[in-house]
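Please look through the sequence and the structure shown here before reading on. The paragraphs below then lead through the architecture step by step, from single residues to the arrangement of the chains.

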Protein chains: 2
Amino acid sequence: MALSTPAGYRALDGKSLPQYLLDLDDVRRLLGGKPEQWTVREVGDGNLNLVFIVEGPAGGVCVKQALPYVRAAGESWPMPLERAFFESSYYTAVAPYVGGLIPTIYNYSPTLYCTVMERLTPHVIQRREMIAGRRHPKASPDVAEYIARASFFTSDLAGAFERKMDMTAIFAKNQPPVRITIELIFADPYRTNPRNRWTSPQLDEVCADFHRDGPLKAAAARFGDKFLSEAQALIHGDLHTGSVMVTPTDTRVIDPEFVMMGPVGFDLGAYMGNLLLSWYSQPGHATAADDRKAMQAWILEQVTIFWETFRDRFLALWRSNANGDAYPASMFPAPSDVPFLEGARRAYVDSLFADMLGFGACKMIRRILGFAHNIDFEWIKDQDRRGAAETGALLMARTLLTHPEQFHSISDVVAAVPYFVRKPGAAGAPIRL
Amino acid sequence: MALSTPAGYRALDGKSLPQYLLDLDDVRRLLGGKPEQWTVREVGDGNLNLVFIVEGPAGGVCVKQALPYVRAAGESWPMPLERAFFESSYYTAVAPYVGGLIPTIYNYSPTLYCTVMERLTPHVIQRREMIAGRRHPKASPDVAEYIARASFFTSDLAGAFERKMDMTAIFAKNQPPVRITIELIFADPYRTNPRNRWTSPQLDEVCADFHRDGPLKAAAARFGDKFLSEAQALIHGDLHTGSVMVTPTDTRVIDPEFVMMGPVGFDLGAYMGNLLLSWYSQPGHATAADDRKAMQAWILEQVTIFWETFRDRFLALWRSNANGDAYPASMFPAPSDVPFLEGARRAYVDSLFADMLGFGACKMIRRILGFAHNIDFEWIKDQDRRGAAETGALLMARTLLTHPEQFHSISDVVAAVPYFVRKPGAAGAPIRL
């Protein structure tokens with residue numbers, strides 16, 4: 001099948017890419033020297049895009065280009081190029097607020113669907129670091145700060161609603177990622193679907209149990225509806241630990257192709273849920289030298305730090321930057337108004353907390369019973385240990401969804417986590433619930 | 001000030017309108033005869049548009065054309081013509097579901113910003129009928145059916161989310177009406193603003209009290225935020241009793257220029273709030289022959305019928321037309337799933353009930369303390385009686401907003417209404433709270 005692409009589009013390669021970069025003054029200067037001295041490496045290991053690292057005598061850049069099909073599947077699975085436009089538009093929209101926490105964007109080409117951006121080095125993916133048992137104390141508070149700033153400043157709390165509606169009109173066209181999210185996160189893990197995968201036979205029983213669990217399914221569906229309807233702010237849409245690059249002193253959020261106008265709790269939950277997945281996966285990566293218990297304790301600290309940093313920063317931004325059409329400052333001019341406005345702010349943030357737990361739980365479940373898994377569990381070779389770790393995460397997630405009244409504060413969450421740990425059962429047998 | 005208008009646009013008049021209609025085959029046949037036999041009357045009494053009734057030997061049509069300025073203010077207050085496009089697009093979007101409850105649309109001209117539609121006759125505006133003490137028993141259940149169908153079928157409960165996102169991308173550009181709503185409904189009545197008007201001195205004290213009322217303002221601001229962020233379905237945006245035309249056997253909803261993707265409770269509240277305003281205004285229209293007590297009892301019946309019809313119809317539509325991406329039917333295939341799915345539906349409708357009360361209360365307050373009032377109260381000549389009637393409505397609305405826990409069902413609402421009635425105080429004096 002030959003895919004038609006817009007006029008001017010061509011997939012870049014080691015030959016055409018330097019020619020393209022040569023025309024970009026800033027990039028040419030940044031690389032230094034002459035194109036003959038530039039090295040190009042294709043490093044894309046994802047499913048969707050070409051990713052190049054280009055290095056010159058003076059510096060390097062990263063180039064990300066959309067392909068018109070799902071790379072992992074080939075041309076038989078077409079995928080609109082426009083996602084590159086939405087990714088670039090997202091970076092542009094949030095850069096004024098989170099400039100230091102995203103890569104610098106040097107250029108976007110609307111004909112090549114190609115973004116030239118800062119080469120992040122020596123940054124590594126946070127998820128891989130956590131699997132390796134390495135701690136990056138800046139990551140969680142930085143991501144919390146990121147979500148607080150990106151969401152507050154693109155909400156109606158911070159600015160004229162026309163600005164949010166303008167963004168809504170644009171990003172409402174970024175539909176293919178929403179199709180993926182609504183099916184793979186909010187529906188498939190709770191119904192029979194050939195795309196689903198799980199550790200079998202270890203999880204056969206829990207999987208069947210989840211498919212039969214009416215209260216769980218109703219709760220997951222409620223969050224699916226909320227995902228589609230609650231247009232609070234511009235959200236990243238896929239903010240798990242695999243979308244965070246870290247060094248000991250620097251944090252960057254990448255890959256915002258799933259950008260949409262949506263609920264802030266979805267980004268919060270993506271990150272928090274993946275911290276919890278990492279916690280449950282740690283015993284699977286234990287060695288004689290490191291039982292990962294200290295790593296687990298550290299992860300739970302990060303859960304608390306993440307939420308509390310977000311909450312405090314969001315509230316602080318609201319107190320100092322209430323220039324929006326929602327809760328307009330001019331309605332609350334008197335000192336006697338303050339406690340009630342402050343109460344409204346607390347209630348708003350409390351609802352984000354509840355959303356974080358619900359969305360986070362959905363994110364946890366989809367990575368264990370749905371189509372797309374993550375390497376935290378996939379890299380556990382022993383299937384009984386993997387199944388036990390995954391079962392603990394599933395039971396925690398189910399409780400978050402079906403018993404939200406048990407979780408009034410982040411300390412309730414942290415306290416509950418260890419109670420759901422399951423030991424591996426008989427070798428190669430389903431884990432009994 | 002000369003306003004620039006798009007090429008081809010011109011304000012129609014008695015001469016140019018028949019020429020324009022002559023080219024529309026359906027309309028020409030509907031009118032019958034020849035253009036010389038057609039009579040044209042300009043009947044627009046609103047603030048924004050030209051409205052013509054055209055009659056021929058065989059029938060009539062109504063023609064509504066946007067002007068590039070606010071008619072009541074003149075060319076110094078420009079107003080985008082595009083509202084005519086959004087109105088026409090709304091009719092097109094909901095017609096498959098509520099065809100019998102809106103006017104038939106014959107033509108929309110994108111260059112003239114002009115809609116040719118069914119001439120509704122002998123329909124009259126519901127608000128005026130209620131002021132006159134006349135009852136139209138079909139109106140409230142028909143409007144309830146209308147909101148149930150229009151909102152359910154444009155929500156993610158009924159269809160693929162892409163359809164809703166496509167509508168979102170279009171209607172997110174209809175911003176001027178949202179600017180009016182967010183300021184005039186959710187902010188101005190609670191703050192000092194030169195646009196505000198109220199019956200003075202009778203309401204001076206209650207107005208000052210509302211401006212100081214922290215819990216009330218926090219609640220109103222919460223609903224303002226919800227209005228801007230909760231994109232449940234395509235809503236009419238201005239569905240009060242002045243947007244409903246009635247006969248004893250027929251009901252039509254008109255004037256959807258405020259269309260947006262928004263919370264369903266906003267339309268529900270607009271209608272219910274205006275029923276309550278009518279209730280409180282009735283003593284002001286009492287005569288020796290009719291004390292309006294029977295009319296008041298009838299209005300409270302309509303409040304109950306309105307809510308219960310909406311609730312029952314919305315739930316029935318959901319049970320029989322769950323073809324959407326929200327709460328997908330495929331997640332709930334087993335008989336044992338039914339009670340939990342049904343519980344989720346009840347919870348959804350309960351939240352619409354709470355929204356109806358909150359939005360309805362905001363709509364009541366804005367008509368008494370804000371810029372735009374309605375004739376239910378304005379036509380009460382005795383200012384003391386008017387002030388007393390308005391005060392009752394204000395106190396009821398405040399309780400709906402600040403004590404939502406008191407209202408679990410529509411019968412709680414109906415039971416509370418009479419308790420807030422205030423008698424006129426000393427002639428020309430503020431009403432003491």
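A residue is called buried here if 20 or more other C-beta atoms lie within 10 Å of its own, exposed if 12 or fewer do, and partly exposed in between, with the C-beta atoms placed from the backbone. By this criterion Y327(A) is buried, because 24 other C-beta atoms lie within 10 Å. The model is a predicted one, in which local features need pLDDT of at least 70 and side-chain atom pairs count only at pLDDT 80 or more, whereas totals for chains, interfaces and linings use all residues. Residues are numbered from 1 along each chain as its sequence is written, while chains are lettered from A and ligands numbered from 1 in the order in which they are written.

Y327(A) lies in the loop between helix 11 (293-320) and helix 12 of chain A, where helices (H or I, at least four residues) and strands (E, at least two) are DSSP runs numbered from the N terminus. Its phi is near 50 degrees, a positive value in a residue other than glycine. In chain B, Y113(B) likewise has a positive phi of about 50 degrees although it is not a glycine, and Y113(B) is found in the loop between strand 6 and strand 7 of that chain. Y113(B) is buried, with 26 other C-beta atoms within 10 Å. P110(B) has its place in the loop between strand 6 (105-109) and strand 7 (114-118) of chain B, but P110(B) counts as partly exposed, with 14 C-beta neighbours inside 10 Å.

The backbone also contains cis peptide bonds. One joins T121(A) and P122(A), with omega about 10 degrees, and P122(A) lies in the loop between strand 5 (114-118) and strand 6 of chain A. In chain B, a cis peptide bond joins T121(B) and P122(B), again with omega about 10 degrees.

Turning to the sheet, chain A has an open sheet of three strands in the order 6-8-9, with antiparallel pairing; two strands pair if DSSP finds at least two bridges between them. Strand 6 (124-125) and strand 9 (251-253) of chain A are the edge strands, each pairing on one side only. Strand 8 (residues 244-246) and strand 9 of chain A pair over three bridges, and V244(A) has V253(A) as its bridge partner. Helix 5 (residues 139-153) of chain A lies across strand 8 and strand 9, running at about 45 degrees to strand 9; axes are lines fitted to C-alpha atoms, for helices over the stretch in contact, and angles run from 0 to 180 degrees between N-to-C directions.

In domain 1 of chain A, 15 residues are in contact with 20 residues of domain 2 of chain A, contact meaning that the C-beta atoms of two residues, placed from the backbone, lie within 7 Å.

Between the chains, 43 residues of chain A are in contact with 43 residues of chain B. The largest share of the side of chain A that touches chain B, ten residues, comes from helix 9 of chain A. A rotation of 180 degrees with 0.0 Å of shift along its axis superposes chain A on chain B (RMSD 0.0 Å), the copies being superposed by least squares on the C-alpha atoms of residues with pLDDT of at least 70 in both. The two copies are thus related as by a two-fold rotation axis.
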